[in-house]
Amino acid sequence: MGAGEFLTGHFKSFYSKHTASVPAVGSREFGIGEFGKKISRRHISFASDSELNSFLHERSPLFISYSTAYYERPASSPMSSKGFLGADIVYEFDADDVKTECKQEHDSWSCPKCGAEGKGAIDACPTCGAHVKKDEWYCPSCLEETKKQTFRLINFLENDFSLGGEISVNFSGNAGYHIHLRGDAVRSLNKEARIELLDYLTAKDMDFSKLGFAESGKSGKMFLCPFEAETSGWGKRLLSSLIKLLEEGDVEKIAAFGAITNKKAKDLIENKKLVLKTIREKGILFSIAGRKNTQFWESVLSHLVNESALDVDRQTSADINKIIRVPETLHGGTGLLAKNVSIDALKEFKPLRDSVVFSDSRVKVFINKSPKFYLKGNEFGPFENEEVELPLYAAIYLVARRSADLAGV
Ligand SMILES: [Zn+2]
Ligand SMILES: [Zn+2]
């Protein structure tokens, strides 16, 4: 039995007991994929959720994605003939895009040109500069980082916008989270408005003075900040982060953020009460002795922006023709479920534990290479060129990743 057949068989038994549902299913374009290929066919449509679920049960594709867009004729091709009616917004946060120390442990690379290899996540070979072949893995710690980004986005959606509609979060089935925004207000946004939204979330070209953080007068001796009651959006977010930073009084952090000595940061914190009172009552940020106010406060503000701004792939977030994994279906590169998670449950959600759907029955696989990995609360490996008996869910994970083959075939 080949790897593809092995996976399809297990996916089929999963889909005999599990259903998925897509809002406005009849207006969506679907795409399916096979072993090693996420999208091999597009321009598929289903009249209802039950038609979709029969298809999942009968065909059990290894990947299934749907359009964020709504169309009059979703199965029609080319794209221009579909009759575009509007689109949801889906933001994706992938562990590929976050820099975490764990990648040094679980990721590795090899250079197809000169044969060099090593640990960690890099793009170009340090020896010859060629594009490297990456072997990327995800662990609880890098997935937790993508969850933080998800919470940042939810914070923006709940506090800065009034888009209404529905926010739906799901694990991607592999490297991170998808956040689907649906509803009439979202649906009608054009491409420019979607880019504007992205600029806001990523704090692109942020102008502090427009938010009320600005020098006063020609001499620039005073640096002003907005009053809490008179500000909103980023202005309010930065003001409250700034107040929190001062209240917490972490001298080293303030020194690093403002590029000043610990001694000067300590002096500032010793005057904390007065500094905070001046901010709240006068809208003025305290002067730092011997340091240009503007430089100091703008440096602090820039760091605070980085703590709150989102790191999203601009290209894919604004793409209105993209298709994305159907929530509550399996990811054919891991065998994990792209599980829906309510915002209330997100904090406690552990993707490598809660998205495992296959059993503990034992299967023998031949593992080419794998670092230590985590599933369902257990730790496996590292393995290299060895035959191992594993629980079915771990065997499916490795075979789907192409890190292992079924033993004895
Ligand atoms: Zn090389
Ligand atoms: Zn990791």
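A residue counts as buried under 20% relative accessible area, exposed over 50%, and partly exposed in between, using a 1.4 Å probe and protein chains only. Keep in mind that you're looking at a predicted model, where local features need pLDDT of at least 70, side-chain atom pairs count only at pLDDT 80 or more, and totals for chains, interfaces and linings use all residues. Residues are numbered from 1 along each chain as its sequence is written, chains are lettered from A and ligands numbered from 1 in the order in which they are written, and side-chain values use heavy atoms, with hydrogens and water left out.

**Stop 1: the zinc ion**

Select ligand 1, the zinc ion, and then C111, C114, C125 and C128: their SG atoms are its protein donors, 2.2 to 2.4 Å away. (Donors are N, O and S atoms within 2.8 Å of the metal, or 3.2 Å for Na, K and Ca; water is not among the atoms, so sites may look incomplete.) Why is the arrangement around the zinc ion tetrahedral? Because the four donor atoms subtend angles of 103 to 117°; four donors get that label if all angles lie between 85 and 135 degrees.

Along the sequence, these donor residues follow the spacing C-x2-C-x10-C-x2-C. C111 sits in the loop between β7 (108-110) and β8 (117-119), and C128 in the loop between β8 and β9 (133-135), so the pair ties together parts 17 residues apart in sequence. (Strands are DSSP runs of E, at least two residues; helices are runs of H or I, at least four; both are numbered from the N terminus.)

Now show the surface. Is C111 buried or exposed? C111 counts as buried because its relative accessibility is 5%, while C128, at 32%, is partly exposed.

**Stop 2: the second largest pocket**

Select N155, R237, S240, S241 and S308, which lie nearest the centre of this pocket among its 17 lining residues. (A pocket is an open set of points on a 1 Å grid over the protein atoms alone, where a 1.4 Å probe fits, with protein on both sides within 12 Å along at least five of seven lines; lining residues have an atom within 4 Å of a point.) Next, colour α4 (140-159), α7 (233-248) and α11 (293-308), the elements that each give two or more residues to the lining. The largest share, eight residues, comes from α7.

**Stop 3: the two domains**

Finally, colour domain 1 (208-308) and domain 2 (362-409), whose bounds come from an automatic or database domain assignment. Taken over C-alpha atoms, their centres are 52 Å apart.

Key. Tetrahedral: all angles 85-135°; square planar, octahedral: opposite > 155°, others 65-115°.
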